[in-house]
Structure formats: structure tokens, C-alpha cells
Amino acid sequence: MCSPHSTCSHPAERSVPRAPRPAPRWLDRSERKRIPALAEFFTENVSTCYISHTELWSGRARDFGHWAPGLRKVIAKELRETFRDRHKRIAVIERNGELAGMAVVVDLGRYALLEDIVIRRTTRGRGVGRTLVRWIFAKLRAAGKASVFLESGGRNTAAHRFFRHQGFRRISISMCRRLAA
Ligand SMILES: CC(C)(COP(=O)(O)OP(=O)(O)OC[C@H]1O[C@@H](n2cnc3c(N)ncnc32)[C@H](O)[C@@H]1OP(=O)(O)O)[C@@H](O)C(=O)NCCC(=O)NCCS
């Protein structure tokens, strides 16, 4: 559930002037020193609408309405693993030397997985997310990938609209049966 302070609506639904778009790039493996800043960026720019079952079992979230208290540390640990994993890459988009967006791309052979795409709250609705995903699509096409998949929290409706806008279509449904009393 969204907290009263989180905003799940998208600035694109309001009138926001478009700014010039910076170019995305892959983070180099030598840029591990940026992990704390990336973890901070992620933590500062996601609301609880983002939480799906993946956030639960990875330890990122306490439940569907609350992030884990140590979210930044959990993300930093995952990013350290991502830097080590040759099947994963981090795409970033920067504006005036400041991080505006990030995404993790997983190589699944014939396919790819798009994970953790996050755009800075104050930069949303200006085409930064579109620039980032289209750049990723181009890279994946050039690498011969047939499709790119993603998974998203059921309540993250603004993101779902964005993904539909970028050509994604729903192909599966996640289900959960609570077992504990
Ligand atoms: C979802 C997210 C990545 C979108 O990035 P963004 O930079 O704000 O989106 P853009 O400004 O590039 O939008 C691109 C297009 O989608 C449209 N769009 C985006 N969100 C929309 C919405 N909620 N409703 C309608 N249209 C939307 C824009 O109008 C724009 O349309 P155009 O191409 O015709 O001009 C961003 O809002 C975000 O970081 N959300 C929080 C993290 C998150 O939930 N990530 C998804 C995890 S699964």
C-alpha cells in the first residue's frame, strides 16, 4: 500500500516542461566506488508502491507496505554482487554530473531482464526514463536479444502505464498465499 507521504502518481500526468535529455551509459566495472551513491539514490527515490514479492524474499522489504529498515545496506550488498556478476550490467543516466536514473540489466542468453529502473523523483515526467529504456532496448537489440522481461509491484500503476507506453505487455501474474497466522 502507498504511504500517505509517497507519490505513486506520475509527473507526466501533470504539466512538466521537458528538459534536454542526457545520454545513458553502462557503468564500468571499475566504478564500484559508486555503490554507496547508487544505493542511496535507489533508497531515496522509491516509494512502497515499488514492493513486489521479490522485495520480500530478497530482504529489501518487511512487508508489502514497508521497506526494511536497512534497505540502503541491502541494496549496496546486491550492487556489490551485481558488479561481480558478468551477466549483469548497470545502466545510468546523468545530468550535470548528477545521477538522474539507473537500471540493472540481466543477460538471460536469448532474453534479457530489466530490473530496478529508478528515475530521480524531481526529474520524472521529462522523458529521462524513456531515454534510458530506449537506449537499453537498442543495446539489447544490437546484442541479438529476442525480448526483455520485467516484474513490477502490483500497486505500481504509474510505472505500469510507463512500461505499457514503452511497448511492454503483461504476460504473467504473480500470486501469493499467506501461510502465517
Ligand atoms: C516509472 C519511471 C521509471 C518512469 O520514468 P520517467 O522518466 O518519469 O518517465 P518518462 O518521463 O520518460 O515517460 C515516458 C513516456 O511515458 C509516459 N508516462 C510515464 N508515466 C506515465 C504515467 N504514469 N501515466 C501516463 N503516461 C506516463 C510519459 O508521458 C511519456 O510519454 P511520451 O513518450 O509519449 O512523451 C519513473 O517514474 C520511476 O522511477 N518510478 C519509480 C521507480 C519505479 O517504480 N520503477 C519501476 C520498477 S518496476
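The lining of the largest cavity has 3 nonpolar, 1 polar and 4 charged residues. Here Ala, Val, Leu, Ile, Met, Phe, Trp, Tyr, Cys and Pro count as nonpolar, Asp, Glu, Lys and Arg as charged, and the others, Gly among them, as polar. The model is predicted: local features need pLDDT of at least 70, side-chain atom pairs count only at pLDDT 80 or more, and totals for chains, interfaces and linings use all residues. Residues are numbered from 1 along each chain as its sequence is written, and side-chain values use heavy atoms, with hydrogens and water left out.

Rolling a probe the size of a water molecule over the atoms shows where empty space is left. A cavity is a set of points, on a 1 Å grid over the protein atoms alone, where a 1.4 Å probe fits but cannot get out; lining residues have an atom within 4 Å of a point. Grid points are joined across faces, edges and corners, and a volume is the space filled by probe spheres set on the points. The count is 1 cavity of 30 Å³ or more. The volume of the largest cavity is about 50 Å³. Its lining consists of Leu27, Asp28, Arg29, Thr82, Phe83, Lys88, Arg89 and Ile90. Helix 3 (71-84) and strand 4 (88-95) each supply at least two of the lining residues. Strand 4 gives the most, with 3 residues. Helices (H or I, at least four residues) and strands (E, at least two) are DSSP runs, numbered from the N terminus.

Aromatic rings were examined next. There are 8 aromatic pairs. Rings of Phe, Tyr and Trp (its six-membered ring) pair if their centres lie within 6.5 Å; planes under 30 degrees apart count as stacked, over 60 as edge-to-face and the rest as tilted. The ring planes of Tyr111 and Phe149 meet at 50°, with centres 5.3 Å apart, so this pair is tilted. The pair links distant parts of the chain, 38 residues apart: Tyr111 is in strand 6 (residues 111-119) and Phe149 in strand 7 (residues 147-149). Phe163 and Phe168 form an edge-to-face pair, at 5.5 Å centre to centre and 75° between the planes. Both Phe163 and Phe168 are buried (under 20% relative accessible area, with a 1.4 Å probe and protein chains only). Ring pairs link Phe137, Phe162, Phe163 and Phe168 into a cluster.

Arg120 lies in the loop between strand 6 and helix 4 (128-142). A polar atom of the Arg120 side chain is 2.7 Å from the backbone oxygen of Leu99.

Methods. 1 Å grid on protein atoms, 1.4 Å probe; cavity = no way out; pocket = protein on both sides within 12 Å on 5 of 7 lines; lining within 4 Å. Buried < 20%, exposed > 50% of the residue type's maximum accessible area, 1.4 Å probe, protein only. Polar contact = N/O pair within 3.5 Å; in protein donor to acceptor, adjacent residues only side chain to side chain.
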